[in-house]
Amino acid sequence: MPTESFWKYFFEIFEELPRQGPGTRESTERALKSIPRLTKEHRILDIGCGTGTQTIDLARSTEAHIVAVDNHPPFIDTLAKKISEHGFEGRITAQVGDMADLKFPDGSFDVIWSEGAIFIIGFSQGLKSWRRLLKPGGHMVISEFCWFKDNPPKELIETHIDGCPAAQNVAARHQAITSQGFKLLNDFVLPAAGWWENYYVPLQGVLDRFRKKHTGNAEALEVAARSQEEIDLYLKYPDFFGYVFFILKT
């Protein structure tokens, strides 16, 4: 079980990142093209928004009102600054909330959006518990970790199962989607740039600075080592795993 000190150092690293997980603006826009155009009358719920890079992209690409939720207040503070900088105060509401216990009434949103965050409560559980928040005929757009090859190496399994214990292949994700009563409209693989240029390159820079700052601090360096291992394994096994966008309809 991670300690309080672990989370302190973990968030010190991830608060500095422009994205808290893999993604691209182009992929967000591509996923949007699979659902009907969103106007001023529509509402999007962005769950596990982090510092909101994709939230801003959604506001740029739609006319909808967006509610962005994350359980880490400093992420929400950073997003609030971005909202002001981009002039989206009337379009985006950023608030602290628990994705496992969202307080919105049933049928509050036209679209639920979640990039790289549903693993926190589990893919099937997220689909099940978030579905009530959608209006009839609403859409859900999720990006989630998937295995792309059978029998991944042990070191890869140990690293990613630690953070995503329900890691599955695409076929298993499809089965979960169907079992929760959704229709799969489209899916596609997040391109490599979403992992490397947009996530791991910035993360590597943060880790280098973090290690220099915390030289001699074994606990801090162990936190950094976990993220470093993830980067190293991506370089070693780039074809074994990735994120897939799933575009669903109720």
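Me: A salt bridge is a side-chain nitrogen of Lys or Arg within 4 Å of a carboxyl oxygen of Asp or Glu. What makes Arg25 and Glu29 such a pair?

Reply: Their closest N and O atoms are 3.1 Å apart. That is within 4 Å, so the pair is a salt bridge. This is a predicted model: local features need pLDDT of at least 70 and side-chain atom pairs 80 or more, while totals for chains, interfaces and linings use all residues. Residues are numbered from 1 along each chain as its sequence is written, and side-chain values use heavy atoms, without hydrogens or water.

Me: Where do Arg25 and Glu29 lie?

Reply: Both belong to helix H2, four residues apart, which is about one turn. Helices (H or I, at least four residues) and strands (E, at least two) are DSSP runs, numbered from the N terminus. The chain has nine helices and eight strands. Arg25 and Glu29 also belong to a salt-bridge network with Arg19, Asp57 and Arg60.

Me: Why is Arg25 called partly exposed?

Reply: Buried means under 20% relative accessible area, exposed over 50%, partly exposed in between (1.4 Å probe, protein chains only). Arg25 has 36%, so it falls in between. Glu29, at 26%, is partly exposed too.

Me: How do you know that Arg173 and Glu144 pair?

Reply: Their side chains meet at 3.6 Å, N to O. Arg173 lies in helix H7 (residues 170–179) and Glu144 in strand E5 (residues 134–147), so the pair ties together parts 29 residues apart in sequence. Both residues are buried.

Me: What makes Arg211 and Asp208 a salt bridge?

Reply: The closest N and O atoms are 3.1 Å apart, so the rule holds. Both sit in helix H8, three residues apart, about one helical turn. Arg211 is partly exposed at 26%, and Asp208 is partly exposed at 41%. By this rule, the count comes to 14 salt bridges.

Me: Why is Thr39 called buried?

Reply: Its relative accessible area is 17%. That is under 20%, so Thr39 is buried. Thr39 is in the loop between helix H2 (25–32) and strand E1 (43–47). Leaving out residues up to four places away in sequence, it touches Glu63 and Ala64 (contact: heavy atoms within 4.5 Å).

Me: What joins the side chains of Thr39 and Glu41?

Reply: A polar contact of 2.8 Å. The term needs N or O atoms within 3.5 Å; within protein, one must be able to donate a hydrogen and the other to accept it, and sequence neighbours count only if both atoms are side-chain atoms.

Me: What makes a set of residues a nonpolar core?

Reply: Its members are buried Ala, Val, Leu, Ile, Met, Phe, Trp, Tyr and Cys residues, joined through side-chain atoms within 4.5 Å. The largest such core has 52 residues; Ile13, Ile44, Trp113, Leu203 and Phe241 have the most contacts inside it. Helix H8 (residues 192–213) gives the most to this core, seven residues. A second, separate core of 25 residues includes Phe104, Phe109, Phe123 and Ile177.

Me: How do you know that the chain agrees with a compact globule?

Reply: The radius of gyration is taken over C-alpha atoms, and the globule rule is 2.2 Å times the number of residues to the power 0.38. For 250 residues the expectation is near 18 Å; the chain has 18 Å, so the two agree. Of the 250 residues, 48% count as buried.
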